[in-house]
Amino acid sequence: MERTLHRDFYLTEQVFCREQEGIFYREWVCGGREAEISEPGSYRALDVAGESVLVLRTREGKLAGYYNVCRHRGSRLVAEGSAGAFRGSIRCPYHSWTYSLDGQLRTAPFLEEGEVTRSELGLFPIGLECWGGFFFLNLTPGEASARGYDLASQLGSVPQRVQRYPLEELRSAHRITYDVAANWKVLLENYNECYHCGPVHPELCRLVPAFKQRGGSELDWDRGIPHREGAWTFTETGTSNRRPFPRLNDDEQVRHKGELIYPNCMISLSADHVTAYTICPRSAGRTLVICDFLFHPSEIESPGFDPTDAITFWDRVNRQDWAICESVQRGMQSRVFQQGYYAPMESASLDIRRYVGEKLGEAKGDCS
């Protein structure tokens, strides 16, 4: 059996800081859904790896991202975690320096051109690209551009595998934010294997018996995972009065698919809805998980629309996952634990070791 990463990769703030620098500051990080910032001037302030960022919709209708920092004295432009709408410009609350929605400095009160060079003092930009209705942020856009690292490079073959799902059209009908006392990699490793499904998810395995057969070692994720006889979606009953997405192939109408987009986006795809998770690391031992339940607008707008059947089912499965992840995090703190092992059916979870090793230069995952 292969060894996991050393315990320090899950427990120490030193490694967490290295991950912020080597992964979350340089990769394309999922920030949310485009539809959350729908009108010109609307904005959200987000925390990305400890950096406050401002995502807004320009007058031309495009999304743009900036560091939430005034170029004058470094004041925050808007409160962390806030959302709202700018009335045509962004005004710093400290000395009223004002920026256009495209990030350019417009006015600096009582200062003449020459005392301040407006063209050189625009807001610090953040890379922003969209796919599938999600927006992704890159905190070092100059470096990413220099090495030709766009969002498509990071997504790889994911868009092709889910091309028949109308991800861009979907809207969030409900959101749950979970505060999980576990390292972000514990959550991703858990998502990436089904060896745990039999012991941890009895309701899920009754709906999808394949998840517990041979420890989930023979799952065909490219084709999708079949439900029990008569079931076709992830709900309490395995059925729904919602219609399947129209462009799905025969398998996708009755099977379940999942995608993990490193470093912080997990997507579970059913025939009538999609559950999307945005992973937000806050420290070595704490992770926020923002879970959006996505449905087609035609269903949301239909009389009697009620997503409770999917939300209740997923919330139970989610809480089972977070509880076992927190147990793992607590257990790794024991002085006797140094490294764990991947069983053969957990080969997909090895990806996190390779991924972190590549980004931090730790080929074997040993921490020194």
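Helices (H or I, at least four residues) and strands (E, at least two) are DSSP runs, numbered from the N terminus. The views below show a predicted model, in which local features need pLDDT of at least 70, side-chain atom pairs count only at pLDDT 80 or more, and totals for chains, interfaces and linings use all residues. Residues are numbered from 1 along each chain as its sequence is written, and side-chain values use heavy atoms, with hydrogens and water left out.

**View 1. Helix α11, its end and its surroundings.** Helix α11 is followed by Gly361, which has a positive phi near 75°. Within α11, the buried residues (under 20% relative accessible area, with exposed meaning over 50% and partly exposed in between; 1.4 Å probe, protein chains only) are Leu350, Ile352, Arg353, Tyr355, Val356, Gly357 and Leu360. Elements that cover them include β1 (2–6), α1 (8–11), α2, α6 (184–191) and β18 (339–342).

**View 2. The crossing of helices α2 and α11.** Two packed helices are described by the angle between their axes and the distance between the axes. Here the axes of α2 (residues 13–24) and α11 (residues 350–360) come within 9 Å and cross at roughly 85°. Axes are lines fitted to C-alpha atoms, for helices over the stretch in contact, and angles run from 0 to 180 degrees between N-to-C directions. Helix α2 is therefore roughly perpendicular to α11, on a scale where angles under 35 degrees count as roughly parallel, over 145 as roughly antiparallel, 65 to 115 as roughly perpendicular and the rest as oblique. Arg18, Glu19, Gly22 and Ile23 of α2 meet Tyr355, Val356, Lys359 and Leu360 of α11, contact meaning heavy atoms within 4.5 Å. This contact of α2 with α11 has 4 nonpolar, 1 polar and 3 charged residues; Ala, Val, Leu, Ile, Met, Phe, Trp, Tyr, Cys and Pro count as nonpolar, Asp, Glu, Lys and Arg as charged, and the others, Gly among them, as polar.

**View 3. Helix α6 and its start.** Helix α6 is mostly covered, with 7 of its 8 residues buried. These are Trp184, Lys185, Val186, Leu187, Leu188, Glu189 and Asn190. At the start of α6, a side-chain oxygen of Asn183 reaches to within 2.9 Å of the backbone nitrogen of Lys185. A polar contact is a pair of N or O atoms within 3.5 Å; within protein, one must be able to donate a hydrogen and the other to accept it, and residues adjacent in sequence count only if both atoms are side-chain atoms.

View 4. An open sheet of 6 strands, antiparallel in its pairing, has the order β12-β17-β16-β15-β14-β13. Two strands pair if DSSP finds at least two bridges between them. The edge strands, β12 (171–180) and β13 (225–226), each pair on one side only. Helix α10 (residues 308–331) packs on the sheet and touches β12, β14, β15, β16 (274–283) and β17 (286–295), while its direction makes about 20° with that of β12. Strands β14 and β15 are paired in the antiparallel sense over 5 bridges, and Ile261 stands opposite Cys265 in β15. The loop between β14 (255–261) and β15 (265–269) holds Pro263; the peptide bond from Tyr262 to Pro263 is cis, with omega near 5°.

**View 5. The seven-stranded sheet.** The 7 strands of this open sheet follow the order β2-β11-β10-β5-β4-β3-β6, and their pairing is antiparallel. Strands β2 (29–33) and β6 (83–85) stand at the edges with a single partner strand each, so one side of each is left without a neighbour in the sheet. From one strand to the next, the twist averages 30°. Strand β2 is joined to β11 (residues 134–138) by 4 bridges, the two running antiparallel, and Arg33 stands opposite Phe134 in β11.

**View 6. Two loop residues with positive phi.** Ala49, in the loop between β3 (42–48) and β4 (51–57), has a positive phi of about 55° although it is not a glycine. Its relative accessibility is 8%, so Ala49 counts as buried. Phe110 lies in the loop between β9 (105–107) and β10 (125–131), and its phi, near 70°, is likewise positive in a residue other than glycine. At 83% relative accessibility, Phe110 counts as exposed.

**View 7. The surroundings of Asp220.** Asp220 is placed in the loop between α8 (202–207) and β13 and, at 40% relative accessibility, counts as partly exposed. A polar atom of the Asp220 side chain lies 3.3 Å from the backbone nitrogen of Asp222 and 3.2 Å from that of Arg223. The C-alpha atoms of Asp220 and Lys257 are separated by 9.2 Å, the two residues being 37 residues apart along the chain.
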